[in-house]
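These are my notebook entries on a structure I had not looked at before. I went through it element by element and wrote down what I looked up.

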Amino acid sequence: MPKVLVIEDYEDNATLFERVLSSRGHTVFQAPDGETGLQMAAEHKPDLILLDLGLPDIDGQTVASQIRRMPEVASVPILVVTAWPEETARKMIEVYGCNGYLRKPIEIARLIALVDSLLATPPS
Amino acid sequence: MASLPPTTDSPIELRPASAFSVKQLTIIYNQTRVDYLVPMPMNMARMIEYIQVYDIDLENSFVAMQDEKMIALGMLGVREGRAWITRLGVLPGDRRHGLGLRMMTSLLEAAERKGIQFTMLEVIKNNTPAYKLFLKLGYRDVGNLLVLRRPPGPPRSYPAGKAAWLSRNEALTLLDSRSGLPPWTNQNASQRNAADIYGLAVTLPDGSSGCLVHQRQRFVMSRFVMQTLSGDPAAVGRELLAQLHNRFFDLDTQIENIYTDDPHLPAFYEMGYVESFARIEMHRGDAALKDAS
């Protein structure tokens, strides 16, 4: 069963991710901030990380850059969640080594499609 | 976004932010930003740091209350001869009913009661409602600012000159020679108030030189103040960044509020920095103080 770590401080979105991903058979772990997210990534070694760029302690870019430096999870796909304009989001995911982005407000069909696609991609 | 009806007709009361806990201020701040393009949420530790580093005067900052519910926040930073409007936000369902204007008016009146006529602020580019509000209140554009990011990694070009790594006290001394009035976040007082400040001075083979004061924490470097003492700023900037990223290649970097016409900016792009978002800096009144202190 794929494990998905959701690093998201905004409760409404975190609940939505939990509901949608659980209903599709994924095991979901929730982290409300970046520090907790880094700890949980090391502990649970997820198959996919959903990462909000706006977090209350360390921001999403910094979390992504740290994940890419943790050998046990360095190649795990990261799906960024952001309200940023498309051009900025694309630039950020490219330079921070993330694998895709999901625009806010969340479209469930898009969420499912991206998660399925990233979980089907073998780690690089 | 469509205009929403006010949640209630009850009167709105503005109370000093000092009457609220840090936890309450953090909650209302985050709630007002939840639908922003760049929400920049904070936890309590970051809110405490923000208040301390930016000299936020909580007695003269306000929380708007309606039916005992927090619906808006506006903060005032106060330094000698100047004040700064920051963290201004209204809950999404309570916008477009004049509350932003009322918060701003109260903050400006609070500054004036302290004898301060000159105020500064930054607004995120394309936040048109806020920008129009500030124009209406007499603010004028004074500069365009960028927030830049660079992920960890070695520099694109390696150092060519000599570097001296400086302690906090040595680094803060470098700020004394600054001129001009930078954005509030980058003023000398902000650097002095911040933790984990260090310095770097470089001399290039051709004799040109410069220095960089910055904050270096567990995951991130930030709070850059870059100065060229002699030579071409782009070349000096390149050497400073090459030295820094060669030594601290494992740290993420965030540059807050660098002017788009800063002569060091090309060096940042050459070293792999990318634009995160842009702000407009605005002033109201005339600055009596013309240095960065």
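I looked up B:V78 and found it opposite B:A83, which belongs to β4(B). The strands β3(B) and β4(B) pair antiparallel over seven bridges; two strands count as paired if DSSP finds at least two bridges between them. Strands here are DSSP runs of E with at least two residues, helices are runs of H or I with at least four residues, and both are numbered from the N terminus. Two residues sit between the strands of this hairpin, and B:G81 has a positive phi near 75° there.

I noted the ground rules before going on. The model is predicted, so local features need pLDDT of at least 70 and side-chain atom pairs count only at pLDDT 80 or more, while totals for chains, interfaces and linings use all residues. Residues are numbered from 1 along each chain as its sequence is written, and chains are lettered from A and ligands numbered from 1 in the order in which they are written.

Entry 2, the other neighbour of the strand. I turned to β2(B), which pairs with β3(B) in the antiparallel sense over five bridges. In β3(B), B:K69 stands opposite B:Q66. This hairpin also has two residues between the strands, and B:D67 takes a positive phi near 50°. I then checked how covered β3(B) is: eight of its 11 residues are buried. A residue is buried if 20 or more other C-beta atoms lie within 10 Å of its own, exposed if 12 or fewer, and partly exposed in between, with C-beta atoms placed from the backbone.

In which order do the 12 strands of the open sheet in chain B run? I wrote down β1-β2-β3-β4-β5-β12-β6-β11-β10-β9-β8-β7, with mixed pairing. At the edges are β1 (12-16) and β7 (162-166) of chain B, each pairing on one side only. Neighbouring strands are turned by 25° against each other on average, direction ignored.

Helix α3 (residues 99-113) of chain B lies across β1, β2 (62-66), β3, β4 (82-90) and β5 (119-124) of that chain, at about 30° to β3(B). Helix α7 (residues 233-247) of chain B lies across β7, β8, β9 (209-216) and β10 (220-230), at about 125° to β8(B). Axes are lines fitted to C-alpha atoms, for helices over the stretch in contact, and angles run from 0 to 180 degrees between N-to-C directions. Residues are in contact if their C-beta atoms, placed from the backbone, lie within 7 Å.

The assignment, which is automatic or from a database, gives domain 1 (12-117) and domain 2 (148-284). Domain 1 of chain B brings eight residues to the contact and domain 2 brings six. On the domain 1 side, α2 (44-53) and β3 (69-79) of chain B each supply at least two residues.

Is B:D250 buried or partly exposed? I found it partly exposed, with 13 other C-beta atoms within 10 Å. B:D250 lies in the loop between α7 and β11 (252-259) of chain B. Leaving out residues up to four places away in sequence, B:D250 touches A:R69 and B:P152.

Entry 7, the contact between the chains. Chain A and chain B take part with 19 residues each. On the chain A side, α3(A) gives the most, with four residues.

After α2(A) comes A:K45, with a positive phi near 45°.

Conventions
Two residues are in contact if their C-beta atoms, placed from the backbone, lie within 7 Å.
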